[in-house]
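Q: Please take a close look at one part of this model, the pairing of aromatic rings. Carry on from there to whatever else can be described residue by residue.

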Amino acid sequence: MHILNTVEEVRAWRGDGNLGFVPTMGALHEGHASLIRASAADNERTVVSIFVNPTQFGPNEDLDKYPRTLDADFKLCEAAGADAVFTPDRAMIYRPGFCTWVEVEGLGDRLCGASRPGHFRGVTTVVSKLFNIVRPTRAYFGQKDAQQALILKRMTADLNLPIKLVICPIIREPDGLAMSSRNRYLSEDERKRAVGLSKALGEVQKLFESGTRTAGVLHGQLVTVLDDYADKLDYAEVVSAETLEPVLEVNGPTLVAAAAFFGSTRLIDNVILGLRA
Ligand code: AMP
């Protein structure tokens, strides 16, 4: 497996042919591995980027303590079928004088965007830059970050980028907790309670499957269960899976998404209802 540190090294390695791309911030786990495996199955070669992108973190967020586990990450990438890993440093991605941003209007203001102003502008900007550097055929993202996936699809369509986005299912721990690099911040007690996020979404799904279509009732159940487990609710929403606008009734693909704090760790999870309706 090749370790590529500079834009020039990526360009020299790229060549022609189908290339799958998996952008990450490192501290890799089985969720990331599933994206790499999906890419390796679809493409001649796969490159993973590991870059903790400063512009998607707010001033009081965990940029400085974000976990860095580079050696273990390389092993995971290789085992999952990556051909190369790109690990640029900050100064290379954001050169002096950098002042160009890519922003998807509207979609980035709600849910996670409401509590993390500027977050999605950082994501769309860095992903655009990485797309230009890597020039992938396909790029792989997780449904775990449902809003991010939607925004990146919008960006790719709006900018006519010749890249197919593939959105992969959420990989979970045996008890249901969605895998996340941030799970390692949790104390033993917080880890036990963090299962409440997927439990609450599971309860909402059950209600939906037993015939409930009123968003207010589904939302009520989500909040009630979350209140039992989380230290603080950031948001709980029942919205259109296409526009992220709140819905009154579930009669099309509907995203139920929540973010909650366990101690000082903020975790997110979601489920989509109504795909088979
Ligand atoms: P991150 O390193 O957290 O920025 O995530 C990199 C990519 O991995 C994003 O597309 C995430 O949506 C995806 N990802 C993170 N956790 C999971 C998970 N539990 N299941 C599937 N994909 C995930």
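A: Phe51, Tyr94, Phe98 and Trp101 are joined into a cluster by ring pairs. Rings of Phe, Tyr and Trp (the six-membered ring for Trp) count as a pair when their centres lie within 6.5 Å; planes under 30 degrees apart are stacked, over 60 edge-to-face, and the rest tilted. The model is predicted, so local features need pLDDT of at least 70 and side-chain atom pairs pLDDT 80 or more, while totals for chains, interfaces and linings use all residues. Residue numbers start from 1 along each chain as its sequence is written, and side-chain values use heavy atoms, with hydrogens and water left out.

The count of aromatic pairs comes to six. One of them is Phe21 with Phe131: the ring centres are 6.2 Å apart and the planes stand at 70°, so this pair is edge-to-face. Phe21 sits in strand β2 and Phe131 in helix α6 (residues 119–134), so that distant parts of the chain, 110 residues apart, are linked. Strands (E, at least two residues) and helices (H or I, at least four) are DSSP runs numbered from the N terminus. Phe21 and Phe131 are both buried, where buried means under 20% relative accessible area, exposed over 50%, and partly exposed in between (1.4 Å probe, protein chains only).

Phe51 belongs to the loop between β3 (45–50) and α3 (70–80) and Tyr94 to the loop between α4 and α5, so the pair ties together parts 43 residues apart in sequence. Phe51 and Tyr94 are both buried.

The loop between α4 (90–93) and α5 (111–115) also holds Glu103. Glu103 counts as exposed, at 53% relative accessibility. Residues up to four places away in sequence aside, Glu103 touches Arg121 and Thr124 (contact: heavy atoms within 4.5 Å). Between the C-alpha atoms of Glu103 and Val123 the distance is 8.9 Å, with 20 residues of sequence separating the two.

Next comes the ligand. It is surrounded by 17 residues, the closest being His32, Gly142, Asp145, Ile171 and Met179; a residue is taken as near if one of its heavy atoms lies within 4 Å. Asp145 places a polar side-chain atom 2.6 Å from an oxygen atom of the ligand. Ile171 has a backbone N or O atom 2.9 Å from a ligand nitrogen, and a backbone N or O atom of Met179 is likewise 2.9 Å from a nitrogen atom of the ligand. On its own the ligand has 480 Å² of accessible area, of which the protein covers 92% (Shrake-Rupley, 1.4 Å probe; for residues, only the protein chains shown count as cover). Two or more shell residues come from each of β2 (19–24), α2 (30–42) and β5 (138–142), and α2 gives the most, with three. The shell has nine nonpolar, six polar and two charged residues. Ala, Val, Leu, Ile, Met, Phe, Trp, Tyr, Cys and Pro are the nonpolar class, Asp, Glu, Lys and Arg the charged one, and the others, Gly among them, polar.

Ser180 lies in the loop between β6 (164–168) and α8 (188–209). Ser180 is buried, with a relative accessible area of 16%. A polar atom of the Ser180 side chain is 3.0 Å from the backbone nitrogen of Arg182. Beyond neighbours within four places in sequence, Ser180 is in contact with His29, Lys144 and Leu267.

Methods: Polar contact = N/O pair within 3.5 Å; in protein donor to acceptor, adjacent residues only side chain to side chain.
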